[in-house]
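Biologist: Hi, could you walk me through this structure? I'd like to start with how the pieces sit together.

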Amino acid sequence: MDIVSYRGEGAGGGVSSALKAAFDNFGDCKSRWWFLQDNDLSYLNGDARVHSIFNLDNDLIQGHYRYCNEFIWPLMHDLPQFAVYKDVDRDFYRQFNRGISQIQLDSGIGGKDIFVHDHQFAILPSLLKNSQISIFWHIPWPKKVPHHYSEPISELVLGMLSCAKIGFHTKEYAQNFTQFVQDFFPEYRVDRDELVIKNQKTKKLTRLLVRPLGLDLKFWKAADASQNLSIELPDTPIVLSVDRADYTKGIMQRLELIDYFFCARPEYLGKLAFVQICQQTRPGLKAFDDYWKNCRDYASEIEERYAISNWKPLFWHTDSITQQELSCLYKRAQVMLVNPVRDGLNLTAKEYVASLDNNHKSGLLMLSSGAGVYDELGDQAVHVNPNSCKDAAEALDYSLKIPTLNRNNRINLMKQRLKTNSLEKWWHDFELTG
């Protein structure tokens, strides 16, 4: 089965690492993993070398990039106030998908089983003829699409319905998708209980799978805890967060929590610090650039307000770190704080749990219900409300005081959940036959 994804081997974030592990461990010698590297459409195959086969026009890439991130991204996260729609960028999105499909068909991809990953390629399945295709929608599907945006989103849906299987992280996302189909596609019959959609004209069936992305648990279990960290850390216990400066991730809400927490509970000054691994994302797009600047400015105000002698409240690291370093950092954290407003899954929550071994179990996960992973781990995490500083501060104070035995029991139960939803199982569920 070939993979088609926007980012490939070596790209930042847990998704690329998960796809790499799946490709290496479960793919066959004939499989290819297609992705964009710089401006080149490239692929990785059994010889472990990246083959660049076609250079795409930069204007095409940039227009596709804007449509994905300024329009599709906020709508899918139920944040339509950030959506910017432009006909020209929609046309770039179409051209991008058409161009990718033609290059791949010319390279012999037609007739194969294909696994397409995420919204950058939503209409691609309808363009790859004579292939069996699965698509995994890594981001949420919204509760509601504003009516004036229903037509461009319908175009994405028609592309997805060309697939034999469509995957979502949670049942809510799958049900939201079926509701959209019911509302706008009368020619399709939807079985919401069985999660099957049938084209009543062609009789084609599309099955929806609720399959949250699994982890390469062997890696996180084997990660070296003695790895030297390249970043500055406090001597105090730490509350850790790892994400990008994206308005969906709740970075500003987290900074408001930190500000409120030290103001309301000054007894923690000098005795606890927040560590944030957080890079700028999607530079050049106004909404993301403005968000990054506002967050950085607020962080500086917090440090100036609360820093004392050789202690500061927030250690914000803007450089990426290796997965080995990340595993060591996870083991060091007394609390992992994951507080998105809306997030498709959030692999860092899973990575944190997977990294805690018998010598490092006394951690605790604080988790917003806005994260898709809440469906898997939420009942053993401490719930954090990103929209209430007071509630979040109380939850953090409670988390810091939970006894070690209780913490370990929670982590053990979460680790069992991760084992039952392995990366291997996730991958094989999207394989197609005939």
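This is a predicted model: local features need pLDDT of at least 70, side-chain atom pairs count only at pLDDT 80 or more; totals for chains, interfaces and linings use all residues.

Modeller: Helix α3 (residues 87–106) lies across β1 (2–4), β2 (33–37), β3 (40–44) and β4, running at about 45 degrees to β3.

Biologist: What is the strand order in the sheet?

Modeller: The order is β4-β3-β2-β1-β5-β6-β7-β10-β9-β8, in an open sheet of 10 strands with mixed pairing.

Biologist: Which strands stand at the edges?

Modeller: Those are β4 (50–55) and β8 (188–191). Each has a single partner strand, so one side of each is left without a neighbour in the sheet. On average, neighbouring strands of this sheet are turned by 20 degrees against each other, direction ignored.

Biologist: And how many bridges are there between β8 and β9?

Modeller: There are 4 bridges, with β8 and strand β9 (residues 196–199) pairing in the antiparallel sense. As an example, Val-190 has Ile-197 in β9 as its bridge partner.

Biologist: Back to α3 for a moment. At what angle do α3 and α4 cross?

Modeller: Roughly 5 degrees, and the axes of α3 and helix α4 (residues 150–160) come within 12 Å. The two helices are therefore roughly parallel to each other.

Biologist: Which residues meet there?

Modeller: From α3 you have Arg-90, Tyr-93 and Arg-94, and from α4 Glu-151, Pro-152, Glu-155 and Leu-156. By class, that contact has 3 nonpolar, no polar and 4 charged residues.

Biologist: New topic: what about α7 and α8, at what angle do they pack?

Modeller: Helix α7 (residues 251–264) and helix α8 (residues 286–306) pack at about 10 degrees, with their axes 10 Å apart. Therefore α7 and α8 are also described as roughly parallel to each other. The contact includes Leu-255, Ile-258 and Phe-262 of α7, along with Tyr-291, Tyr-298 and Ile-302 of α8.

Biologist: Last one, Phe-71. Is that residue buried or exposed?

Modeller: Phe-71 is buried, with a relative accessible area of 0%. You'll find Phe-71 in helix α2 (residues 58–76).

Biologist: What does Phe-71 touch?

Modeller: Leaving out residues up to four places away in sequence, Phe-71 touches Arg-66, Ala-83, Val-84, Tyr-85, Tyr-149, Pro-152 and Ile-153. As for Ala-83, it is 12 residues from Phe-71 along the chain, and their C-alpha atoms are separated by 4.7 Å.

How values were computed: Residues are numbered from 1 along each chain as its sequence is written. Side-chain values use heavy atoms; hydrogens and water are left out. Axes are lines fitted to C-alpha atoms, for helices over the stretch in contact, and angles run from 0 to 180 degrees between N-to-C directions. Angles under 35 degrees count as roughly parallel, over 145 as roughly antiparallel, 65 to 115 as roughly perpendicular and the rest as oblique. Contact means heavy atoms within 4.5 Å. Two strands pair if DSSP finds at least two bridges between them. Ala, Val, Leu, Ile, Met, Phe, Trp, Tyr, Cys and Pro count as nonpolar, Asp, Glu, Lys and Arg as charged, and the others, Gly among them, as polar. Buried means under 20% relative accessible area, exposed over 50%, partly exposed in between (1.4 Å probe, protein chains only).
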